[in-house]
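Dear colleague,

Please read them with the model open beside you.

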Amino acid sequence: MEDVDIDELVSSLTPREENSALKSYQNTVSVPCPACEEPFDDLVVCKQNPTSLDLSQTLDLCVGVEDDRALIFTHKP
Ligand SMILES: [Zn+2]
């Protein structure tokens with residue numbers, strides 16, 4: 001996987017929620033996932049290390065790292 005330019009990526013996405021542990025964005029414009037190149041549904045940026053994700057559904061996940069932050073790209077199966 002190539003390095004992700006998170007600022008450029010995030011500028012195309014719609015912010016959804018933010019708390020002390022993470023920030024999430026919705027991909028409303030079908031930006032391709034940097035890992036698998038399929039459009040992802042949401043991007044979660046982890047702000048704490050370690051942190052937990054409360055997933056309410058089963059998702060396929062792609063993971064990247066940028067500046068020591070974990071980036072999680074979710075794909076609905
Ligand atoms: Zn992916």
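**Notes on the salt bridges**

Lys47 is partly exposed, with a relative accessibility of 40%. Please keep in mind throughout that this is a predicted model.

The structure holds four salt bridges, and one of them joins Lys47 to Glu18, with the closest N and O atoms 2.7 Å apart. Because Glu18 belongs to strand β1 while Lys47 sits in the loop between β3 and β4 (60–66), this pair ties together parts that are 29 residues apart in sequence.

Glu18 also meets the side chain of Lys23 in a salt bridge, at 3.6 Å from N to O, and Lys23 is partly exposed, with a relative accessible area of 26%.

Another salt bridge is formed by the side chains of Asp42 and Arg16, with an N to O distance of 3.6 Å. Asp42 lies in strand β3 (residues 42–46) and Arg16 in strand β1 (residues 14–18), so that this pair ties together parts that are 26 residues apart in sequence. Are these two residues buried or exposed? Asp42 counts as buried, because its relative accessible area of 12% falls under the 20% cut-off, whereas Arg16, with a relative accessible area of 45%, is partly exposed.

Notes. Residues numbered from 1 in each chain as written. Predicted model: local features only at pLDDT ≥ 70, side-chain atom pairs only at ≥ 80, totals over all residues. Heavy atoms only, no water. Helix = DSSP H or I, 4+ residues; strand = E, 2+ residues; numbered from the N terminus. Buried < 20%, exposed > 50% of the residue type's maximum accessible area, 1.4 Å probe, protein only.
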